[in-house]
Amino acid sequence: MDTIVGLDIGSHSVKLIELSRDKKGVALLAAGSAPTPPKALASTVQSDWEAVAVIVKKLFKDTGTKAEAINIALPESQVFTRIIEVPALSSRELTSAIKWEAEQYIPLPLADVTVDFTVLRDAAATGTNKMDVLLVASPKTLVEKYVSILEMSDLSVNAVETEILATSRALIKTIPNVKTVMIVSLGAQTTDFAIIRDGVLAFTRSIAAGGEALSRSLSQKLGFEMIQAEAFKRTYGLEKDKLEGKIVEAIKPIMDTIISEMNRAIAFYQEKFKGDHIGVVLLSGGTARLPGLVVYLAQALGLEVQLANPWVGISRDGRFKVLDTEGAVFTVAVGLALR
Ligand SMILES: Nc1ncnc2c1ncn2[C@@H]1O[C@H](COP(=O)(O)OP(=O)(O)OP(=O)(O)O)[C@@H](O)[C@H]1O
Ligand SMILES: [Mg+2]
């Protein structure tokens, strides 16, 4: 039986999902998560990554995962993802043209990055003489870091992709009848945005604001220790009537940043695809579980908002019941394992 592991090494936690795939469909074989050692992942020193490797190894052991095909994701905030318009070209012409295009869009020397591209919409699909191409440039040092962590864990990497691509794969099948979907992945350090139209990526963006910024703001404004702030955040979140509205007030500036980024994304999208509108917004990542977030964003944006559920279409036996409401945290790992 073929099984594939998706490993999402986040700044706050490492998530593992193992899926099997056969004629009957896709089934969940293993799932687990563990805290990422603070600062280890951000370090550029190889010896610091060892601490992450220890966690990864333990996670494989604890979940009983034996698969050898392991797919990993690179943090969206550290790769350069652009959707560019280029003249309609053959694939061979595109390969040489892309280098020149990449130079314009990527603020790093081309020698330091690995450039990948995918045609999202060809000339027939755009109805013009242009094509939409997804350009992804990953710093070589970043890829090396993740590959090293796996090697230190006695594992080898099968495929590497960006978080947004994994997230899109996991979620797109869960809302088959919606033409245009916005996905917002709220992690610890970053929030990533994607707009997907007819199953094809149309917009991506990442900002440096997430769950940690919410806790920090609570801690600073209300004078809590970080641990306490984290607990208040998880218990009360955006529920307006709690602590006389002080919690909401303290985290509102971060929420405003996220909402204004969403509005910018929507404006950009509607400029390109006139007359289209966002059918639903799906919230993913650990911070998607912030109490009251779904309602808060729905009101602020005037759009339908739902918590992402990557389990749709994946059979799970009883021992995974506890994860039913935890799906949003595992979206990236599920998407990786579905690859
Ligand atoms: N119930 C909850 N309510 C609010 N926030 C939560 C809840 N549970 C977890 N979080 C927050 O989710 C964040 C962790 O989410 P996640 O595991 O998706 O992050 P990560 O993938 O490690 O981070 P990143 O992708 O930014 O590197 C933390 O900031 C944590 O405080
Ligand atoms: Mg993450």
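Predicted model: local features only at pLDDT ≥ 70, side-chain atom pairs only at ≥ 80, totals over all residues.
Residues are numbered from 1 along each chain as its sequence is written, and chains are lettered from A and ligands numbered from 1 in the order in which they are written.

**The whole chain**

- The protein chain has 10 helices and 14 strands; these are DSSP runs numbered from the N terminus, with helices being H or I of at least four residues and strands being E of at least two.
- Its radius of gyration is 20 Å, close to the 20 Å that the globule rule gives for 339 residues, so the chain is as compact as a globular protein of that length. That radius is taken over C-alpha atoms, and the rule is 2.2 Å times the number of residues to the power 0.38.
- Along the principal axes, the C-alpha atoms fill a box of roughly 60 × 50 × 45 Å.
- Of the 339 residues, 40% count as buried.
- Take the contacts with a separation of 6 or more: 66% of them are between residues 24 or more positions apart. Contact here means that the two C-beta atoms, placed from the backbone, lie within 7 Å.

**Helix H4**

- H4 covers residues 140-152, and its 13 residues should span 18 Å at 1.5 Å a residue; the end C-alpha atoms are 18 Å apart, which agrees. The expected span is 1.5 Å times one less than the number of residues.
- After H4 comes aspartate 154, with a positive phi near 60°.

**Helix H8**

- H8 (residues 246-272) has 27 residues and reaches 40 Å from first C-alpha to last, close to the 39 Å expected at 1.5 Å a residue.
- There's a bend of about 50° in H8 at lysine 252, with proline 253 following within four residues. The bend is the angle between axes fitted to the seven residues ending at that position and the seven starting there.
- Its buried residues are Ile247, Ala250, Ile251, Ile254, Ile258, Met262, Ala265 and Ile266.
- Among the elements covering them are strands S9 (180-186), S10 (191-197) and S11 (200-207), plus helices H6 (211-222), H7 (226-236) and H9 (293-301).

**The six-stranded sheet**

- The order is S8-S4-S1-S2-S3-S14, in an open sheet of 6 strands with mixed pairing; two strands pair if DSSP finds at least two bridges between them.
- S8 and S14 are the edge strands, each pairing on one side only.
- S4 runs parallel to S8, joined by 5 bridges, and isoleucine 70 has valine 157 as its bridge partner in S8.
- S1 and S4 are also parallel, over 3 bridges, with glycine 6 opposite asparagine 71 in S4.
- S2 (residues 13-22) and S3 (residues 25-35) run antiparallel, joined by 10 bridges, and they form a hairpin with 2 residues between them.
- Serine 13 stands opposite proline 35 in S3, and leucine 16 is partnered with glycine 32.
- S3 pairs with S14 (residues 314-315) in the parallel sense over 2 bridges; alanine 27 has serine 315 as its partner there.

**Glutamate 230**

- Glutamate 230 sits in helix H7 and counts as partly exposed, because it has 18 C-beta neighbours inside 10 Å.
- Its C-alpha is separated by 30 Å from that of leucine 150, which is 80 residues away along the chain.

Definitions and conventions:
Buried ≥ 20, exposed ≤ 12 C-beta atoms within 10 Å, placed from the backbone.
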